[in-house]
Amino acid sequence: MAYQRGSLKRVKTKKGWIWVLRYRINGAEQTPLVVGLVDDFPTEDEASLEADRLGLRVRINCGVPQGGRMKYCELAEYYLKVEFDPEVTASPKSENTKPILEHYVRDFLIAQWGDQIAENIEPLEIQKWFNALHNKKGYGWTTVSKIRGIMNRIFQIGIIHKKVTKNPVEGLATSTKTTYKAIKITPAQMLLILRSVMGNMLHFTLVFLVAATALRSSEVLSLRWADILWEERKIRIVKSWKKPGVDGAPKTPSSERDAPMGRVLTHYLREWHKQTPYAKPTDFVFPSMKESGRVPICASVFCADHLRPAAKAASVIIPDGHRWGLHNLRHSLSNWLVNKAKENPKTVQGILGHSRIQTTLDLYTDEDLDEMIAAQEKFIDAVGFERETVQ
């Protein structure tokens, strides 16, 4: 059944005008639920907030009678319905996150706890389950921690909407250890990779841009030519490409930024702009030729078919099954700037678009566009590509 918000209506009673929430079940209109007096909630928006506070929309969607005890599966399914609703949740999830979230909720949490009364689940049993997911099932701690966070959020939603009175996940811990380490490449390896993809100007420019700017793949895919500010020597990052095939907001508020564009990067972007059949301001910088430029190139296919083979040819050791793609170029630039070039950590934070400097390094200074461009040029000089192609 689709999630319904119901409709609010003013009704006159002996006690005065009241708000009621009307709703249907299987197409049949049900007895409206009382929200409160119109005197107490003069506007429809205020009445709507009160309906949410009372948990009335939970009841009409889950069919739980007032005072009833909700099964965990009902609580979890309600969470999935409201977590994407901006009128119910302060920070709604993006549509890009929906299939991932549904996978964790249904295939892990509901599969394990679905038939139990939510408030009867004991914290110790949950903790044992978390440990078993790692020790017996072989899931990494990062995955288990994500499951713990979602389960915690489900109970928080339940408390806010008065469907449960306690959160058994609160206070439970999972390890933050992870065995994953991003494979980083040297400037010499980067040069070999660039030479490998030179035969295709789209592929070459894509790799060069990510190597020089450390943009996320979603940020690169969303770029239109209007985002390239030639005279200002920067690239405007204000959106990211989502899996359903639409533009969305950047990953974090700090991700909305201007990426530096030095002389060499500008040269290759201009060369690609001359050659691409899709050069209008609204066209994608890296279009899918197969789709006639309607959407950007598919990053996963490009990495599997071109970037990964080029990296292996450049003697980058990539174990079978290990993640490797454009994001590794981002890690490589960050690592080189901090550890080899000894760049100002705040400058590197600005390039990467990190929301916290702790993610880059535990230091704090100011970022500067000229310093970011100079840092980029140092890396490109180390690669050595300019000496071969740009006079």
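How many bridges join strand β7 and β10, and in which sense do they pair? Strand β7 (residues 234–237) and β10 pair in the antiparallel sense over 4 bridges. This is a predicted model, in which local features need pLDDT of at least 70, side-chain atom pairs count only at pLDDT 80 or more, and totals for chains, interfaces and linings use all residues. Residues are numbered from 1 along each chain as its sequence is written, and side-chain values use heavy atoms, leaving out hydrogens and water.

**Sheet**
- Three strands, in the order β6-β7-β10, form an open sheet with antiparallel pairing (strands pair if DSSP finds at least two bridges between them; a strand is a DSSP run of E, at least two residues).
- β6 (228–229) and β10 (257–260) stand at the edges with a single partner strand each, so one side of each has no neighbour in the sheet.
- R257 in β10 is the bridge partner of I237.

**Helix crossing**
- The axes (lines fitted to C-alpha atoms over the stretch in contact) of helix α8 (residues 201–213) and helix α11 (residues 299–313) come within 12 Å and cross at roughly 95°.
- The two helices, α8 and α11, are therefore roughly perpendicular (65 to 115 degrees).
- H203, L206 and V207 of α8 make the contact (heavy atoms within 4.5 Å) with F302, H306 and L307 of α11.

**Cysteines**
- The count is 0 disulfides (cysteine sulfur pairs within 2.5 Å).
- C298 is in no disulfide, and the nearest cysteine sulfur, that of C303, is 8.8 Å away.
- C298 is partly exposed at 39% relative accessibility, whereas C303 is buried at 10% (buried is under 20%, exposed over 50%, partly exposed in between, with a 1.4 Å probe and protein chains only).

Key
Axes are lines fitted to C-alpha atoms, for helices over the stretch in contact, and angles run from 0 to 180 degrees between N-to-C directions. Angles under 35 degrees count as roughly parallel, over 145 as roughly antiparallel, 65 to 115 as roughly perpendicular and the rest as oblique.
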